[in-house]
Amino acid sequence: MEVKFIPTEQLKEKPDENALGFGNYFTDYMFTMDWTKEKGWHNAVIEPYGSIQLDPASMVLHYAQETFEGLKAYKTKEGKVLLFRPDMNAKRFANSNRRLCMEVLPEEMFVDAIATLVSREKEWIPTIEGTSLYIRPFMFATESAVGVHPSNAYKFMIVLSPVGAYYPEGVNPVKIYVEDEYVRATKGGTGFAKCGGNYAASIAAQVKAEKLGYTQVLWLDGVERKYVEEVGTMNAMFIIDRKIITAPCDGTVLPGVTRDSVIQLLKSWGYVVEERPLAIDELMEAGRNKTLQEAFGTGTAAVISPIGELSYKGESIIINDFQTGEITQRLYDTLTGIQWGKLEDSFHWTYEV
Ligand code: COI
């Protein structure tokens, strides 16, 4: 892929690595590329980060044909730049785009564009513990038209943000509110796709949970509100009687890259992992009788995030005395160890830029 480069007149000052937060700073450059029926993918450019112009009738602004991804770049002690399983993000992006009737970006172009931008911006990868360079690829409909149909033009972009922990709690346990009014997804919908619309629809529940003092919501299935699905920005896993249980990816749950990696790690350590519907009643009962040993979320932004408390219909259960569990900690250490190039990558997950 040929990428034009437009240099910036002024490089930005880099933020303090100790106070990054999440998604607050953006690097000097961004990647943009267009697609039209006539020209296919064209106009690949790395240019100074900044505003873009959109026609007010751009279809994304009206019918939300928009998809995105999230992955991270890490810098090893030796100065190598590593991505984590970018091929998985490329595949999921393609699946999201198929579901929203958007143009599918070839997987190798997706990875190539990320590698080219990250390699130019490697000075922006923070190096202190718990930080990384968050990569946000996204695509949206740019045809100017009022009328619901697949757009005949799209823009693909990548922006980069040096980040610390996603939650203010850092790697400490979070409090989760089990949402029993709003729903996130139903079979046949867009639950498995990473599209902005899913997140827009989730904000009301998130606001409600935060008002009540919780960090995130745990979604129940959209039909019976009986089975546990996922947490706002991560997949959820529960350890009951030494078995790890997580919702199956059967259309309503986001197929997380961290989720898949954690399942592979757990199985390689000899644990039983059950991908099956878990009823909220079974989960709360396991919490009451203390057979619920650990709970945690998995996600690119959240990494591995211990869940210390669950609240459902006015009842609260505390998990593992609100402490990070042994398996949760081992997963966090192993996963971040591989991502940072500190541990052997026996699964061949890292991709050197
Ligand atoms: C991620 O984990 O990368 C996400 O996209 C979650 C969130 C920041 C929307």
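Leaving aside neighbours within four places in sequence, Leu105 is in contact with Phe93, Ala94, Asn97, Phe110, Met139 and Phe156, where contact denotes C-beta atoms, placed from the backbone, within 7 Å. The structure is a predicted model, in which local features need pLDDT of at least 70, side-chain atom pairs count only at pLDDT 80 or more, and totals for chains, interfaces and linings use all residues. Residues are numbered from 1 along each chain as its sequence is written. The protein chain is divided into domain 1 (4-164) and domain 2 (174-340), with bounds that come from an automatic or database domain assignment.

**Surroundings of Leu105**

- Leu105 is placed in the loop between helix 2 and helix 3; helices (H or I, at least four residues) and strands (E, at least two) are DSSP runs numbered from the N terminus.
- Leu105 counts as buried because it has 21 C-beta neighbours inside 10 Å. The criterion for buried is 20 or more other C-beta atoms within 10 Å of the residue's own, for exposed 12 or fewer, and for partly exposed a count in between, with C-beta atoms placed from the backbone.
- Leu105 and Ile307 are 202 residues apart along the chain, and their C-alpha atoms are separated by 36 Å.

**Domains and their contact**

- The C-alpha centres of domain 1 and domain 2 lie 27 Å apart.
- In the contact between the domains, 21 residues of domain 1 meet 14 residues of domain 2.
- Strand 4 (66-68), strand 5 (71-75), strand 6 (81-84) and helix 2 (86-99) each supply at least two residues of the side of domain 1 that touches domain 2.
- Helix 2 gives the most to that side, with six residues.
- The residues on this side of domain 1 comprise nine nonpolar, six polar and six charged; Ala, Val, Leu, Ile, Met, Phe, Trp, Tyr, Cys and Pro count as nonpolar, Asp, Glu, Lys and Arg as charged, and the others, Gly among them, as polar.

**Helix 3**

- Helix 3 (residues 107-120) has 14 residues that should span 20 Å at 1.5 Å a residue, and its end C-alpha atoms are 20 Å apart, which agrees; the expected span is 1.5 Å times one less than the number of residues.
- Phe110, Ala113, Ile114, Leu117 and Val118 are the buried residues of helix 3.
- These residues cover an arc of only 120° around the axis, which puts them on the same side of helix 3; the arc is that of the directions from the helix axis to the C-beta atoms.
- Exposed residues Glu108 and Ser119 are carried on the face of helix 3 turned away from its buried side.

**Helices 5 and 7**

- The buried residues of helix 5 are Val257, Thr258, Arg259, Ser261, Val262 and Leu266.
- These buried residues pack against elements that include helix 2, strand 12 (234-240), strand 15 (292-299) and helix 7.
- Just after helix 5, Gly270 takes a positive phi of about 95°.
- In helix 7, the buried residues are Ile327, Thr328, Leu331, Leu335, Ile338 and Gln339.
- Seen down the axis of helix 7, its buried residues fall within an arc of 110°, so they line one face of the helix.
- Gly341, whose phi is positive, near 70°, follows helix 7.

Key. Two residues are in contact if their C-beta atoms, placed from the backbone, lie within 7 Å.
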